[in-house]
Amino acid sequence: MQIAEITNQGLRRAYSLVIPADAIAARLDARLAEVSKTIKMPGFRPGKVPANLVKKMHGAALRGEALQAALNDGVNKVIADHGLRPATQPQVDVDGELPEEGDARFTVSMEILPTIAELKADDLALEKLVVPADDAAMDGALARLAESAQRSEPAPAKHKAKTGDTVIIDFEGKVDGVPFDGGKGEGMRVKIGSGQLIPGFEDQLIGAKANEQRTLNVTFPADYGAANLAGKPATFDVTVTGVEVPAETKLDDDFAKGFGLDSLDALKEILKDQLDAELGNLSRTYLKRKLLDTLAARHDFDVPESMVDAEFEQIWQTLEGEAAREADPEAAKAEIEAEREDYRRIAVRRVRLGLLLSEIGQRNGVNVSQAEMNRLIGQEAARYAPAEQQKVVKFFQENAMAAMQLRAPLYEDKVVDFLIGQATITERTVTRAELEAAIESEDETPGGHVHGPGCGHDHDHDHAPAKPKKAAKAEPAEAAEPVAEAEPVKKAPAKKAAAKKAEAAPAAEAAPAKPKKAAKKAAE
């Protein structure tokens with residue numbers, strides 16, 4: 001087997017590989033001998049078919065198997081002899097045509113993982129923002145729980161609806177005096193001030209009383225999903241069939257029993273644990289991002305373009321998916337297209353940080369045990385129906401790449417925990433609002449999947465008038481919800497929403513990602 005280096009530029013390598021004819025012939029003979037023992041052929045007992053007859057009938061297929069085996073050995077030899085760490089699967093190209101006999105010539109090309117000469121992670125100094133789970137925090141958690149569980153009750157006679165009240169209505173929407181499909185419904189519940197309906201709809205219900213009729217004048221948003229309604233003025237003939245007011249919620253033992261608990265103290269204990277965990281996760285998110293920022297600032301090295309391409313493709317698919325769900329997909333796509341290079345830089349940064357974390361983990365003996373892998377596989381299998389769980393377990397046991405991808409987030413967290421454990425940490429007490437603001441305003445810099453050998457990573461609400469998806473449905477029961485969903489959910493443009501996802505590394509960044517501008521700053 002002859003191997004010669006033909007390209008050595010940056011992280012790119014290429015080698016010529018010649019597999020001699022006698023090596024292929026030897027493998028073919030060995031394969032013939034193996035197959036002859038089991039092959040069945042009319043007129044011969046099993047195992048007694050002459051090798052030359054087997055070769056005549058199956059020689060081409062067997063030679064292909066022998067050549068593939070020799071090629072696999074050759075590629076492995078290229079990697080071993082040159083001490084290479086491929087970033088992705090090596091590419092093998094045939095030089096010319098594969099001969100039926102004689103030597104076989106190939107070109108083996110690949111990108112290799114960079115060598116990180118110096119790791120600058122010995123003197124890390126980080127600040128941790130801490131929010132104490134004090135009485136005020138507990139009161140806030142209880143208040144949020146009470147609000148989410150709040151009931152409504154019929155309002156007193158002649159009560160005029162106000163913000164926070166729920167109005168039950170029958171309605172019919174019209175454009176230019178003509179009813180439109182999906183614009184009619186009965187028994188629609190509208191909470192005034194929820195902001196779920198198109199602008200002006202809820203406000204015009206303030207002061208309404210039970211059994212009152214009103215005509216509401218609204219204008220559909222210009223970017224409304226149904227083109228036949230977008231930007232058009234409309235009227236809604238509304239009959240108020242009932243008004244409900246928020247029922248008083250008493251935080252007592254009876255309130256706790258509504259959650260299956262014996263007392264308010266028991267509820268508070270559970271909330272305290274949840275609050276501690278939630279605030280702890282927020283603190284760790286901030287600390288982790290500061291750690292990644294520090295590592296990124298200290299290290300700069302070339303990264304394999306093939307890995308950057310794969311990372312960028314994941315980011316871009318997310319961006320395109322968000323753009324496709326916008327009212328004007330083409331305009332949204334044009335916006336993200338104008339900033340393609342910004343997202344490319346984000347991909348570079350994510351890959352670099354991933355490789356860096358992998359190297360740190362390897363040099364410090366960080367690993368994921370088999371027991372931890374079994375737990376991860378079990379958790380993944382538990383997401384499926386009982387009849388499918390064993391198949392899921394078998395899949396991960398037999399698919400090394402899938403297992404490595406499942407392993408990657410845990411490995412990365414363990415490396416981060418190791419680094420935090422080695423760092424000098426100073427704590428500063430802040431409010432929850434301050435911590436959340438810090439997470440949003442800091443450069444929630446993208447981390448990245450941990451890449452490299454040993455790393456485990458192979459390289460609607462109720463809105464208002466007329467929902468497009470159900471506009472064709474004329475039944476009153478179906479029309480009520482479309483009207484509730486006329487205004488597209490109040491969300492950021494696709495570009496911004498997708499940017500957040502792009503910036504938050506799939507494994508390394510666990511907290512809410514930042515706005516698009518922060519993404520650019522982080523990438524730069």
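This briefing walks through the sheet, the helix packing, the aromatic rings and a few backbone details of the structure above. The model is predicted, so local features need pLDDT of at least 70 and side-chain atom pairs count only at pLDDT 80 or more, while totals for chains, interfaces and linings use all residues. Residues are numbered from 1 along each chain as its sequence is written, and side-chain values use heavy atoms, with hydrogens and water left out. Helices (H or I, at least four residues) and strands (E, at least two) are DSSP runs, numbered from the N terminus.

- Four strands make an open sheet in the order 1-2-4-3, with antiparallel pairing; two strands pair if DSSP finds at least two bridges between them.
- Strand 1 (2-9) and strand 3 (91-94) stand at the edges with a single partner strand each, so one side of each has no neighbour in the sheet.
- On average, neighbouring strands of this sheet are turned by 20 degrees against each other, direction ignored.
- Strand 1 and strand 2 pair in the antiparallel sense over seven bridges, and Gln 9 has Arg 12 in strand 2 as its bridge partner.
- These two strands form a hairpin with two residues between them, and Gly 10 in the turn has a positive phi of about 60 degrees.
- On to the next neighbour: eight bridges join strand 2 (residues 12-19) to strand 4 (residues 104-111), and the two run antiparallel.
- Along this pairing, Arg 13 stands opposite Met 110 in strand 4, and Val 18 stands opposite Arg 105 in strand 4.
- Strand 2 is largely enclosed by the rest of the structure, because six of its eight residues are buried (buried means under 20% relative accessible area, exposed over 50%, partly exposed in between, with a 1.4 Å probe and protein chains only).

**Helix packing**

- Two packed helices are described by the angle between their axes and the distance between the axes.
- Axes here are lines fitted to C-alpha atoms, for helices over the stretch in contact, and angles run from 0 to 180 degrees between N-to-C directions.
- The axes of helix 6 and helix 8 (residues 340-363) come within 8 Å and cross at roughly 125 degrees.
- That angle makes helix 6 oblique to helix 8 (under 35 degrees counts as roughly parallel, over 145 as roughly antiparallel, 65 to 115 as roughly perpendicular and the rest as oblique).
- Helix 6 passes helix 8 in a right-handed crossing; a crossing is left-handed if the near helix is turned anticlockwise from the far one by less than a right angle, and right-handed if clockwise.
- Helix 9 (residues 370-381) and helix 10 (residues 386-398) pack at about 140 degrees, with their axes 9 Å apart.
- Helix 9 is therefore oblique to helix 10, and the crossing of helix 9 and helix 10 is right-handed.
- In helix 1 (residues 21-36) you will find Leu 28, which counts as buried at 8% relative accessibility.
- Leu 28 and Leu 67 are 39 residues apart in sequence and 8.1 Å apart in space, C-alpha to C-alpha.

**Aromatic rings**

- Rings of Phe, Tyr and Trp (its six-membered ring) pair if their centres lie within 6.5 Å, and planes under 30 degrees apart count as stacked, over 60 as edge-to-face and the rest as tilted.
- By this rule the count comes to nine aromatic pairs.
- One of them, Phe 255 with Phe 259, is edge-to-face, at 5.3 Å centre to centre and 70 degrees between the planes.
- Phe 255 is buried at 11% relative accessibility, whereas Phe 259 is partly exposed at 39%.
- Phe 312 and Trp 316 are stacked, because their ring centres are 5.4 Å apart and their planes lie at 20 degrees.
- Both sit in helix 6 (residues 305-324), four residues apart, which means a separation of about one helical turn; Phe 312 and Trp 316 are buried.
- The charged end of Arg 340 sits over the ring of Trp 316, 4.3 Å from its centre, and that of Arg 344 sits over the ring of Phe 312, 5.8 Å from its centre.
- For such a contact, NZ of Lys or CZ of Arg is within 6 Å of the ring centre and within 35 degrees of the ring normal.
- Ring pairs also link Phe 171, Phe 180, Phe 201, Phe 220, Tyr 224 and Phe 236 into a cluster.

**Positive phi in two loops**

- Most residues other than glycine have a negative phi.
- Lys 158, not a glycine, has a positive phi of about 65 degrees; Lys 158 lies in the loop between strand 6 (152-154) and strand 7 (166-175) and is exposed at 74% relative accessibility.
- Asp 176, also not a glycine, has a positive phi of about 55 degrees; Asp 176 lies in the loop between strand 7 and strand 8 (178-191) and is exposed at 73% relative accessibility.
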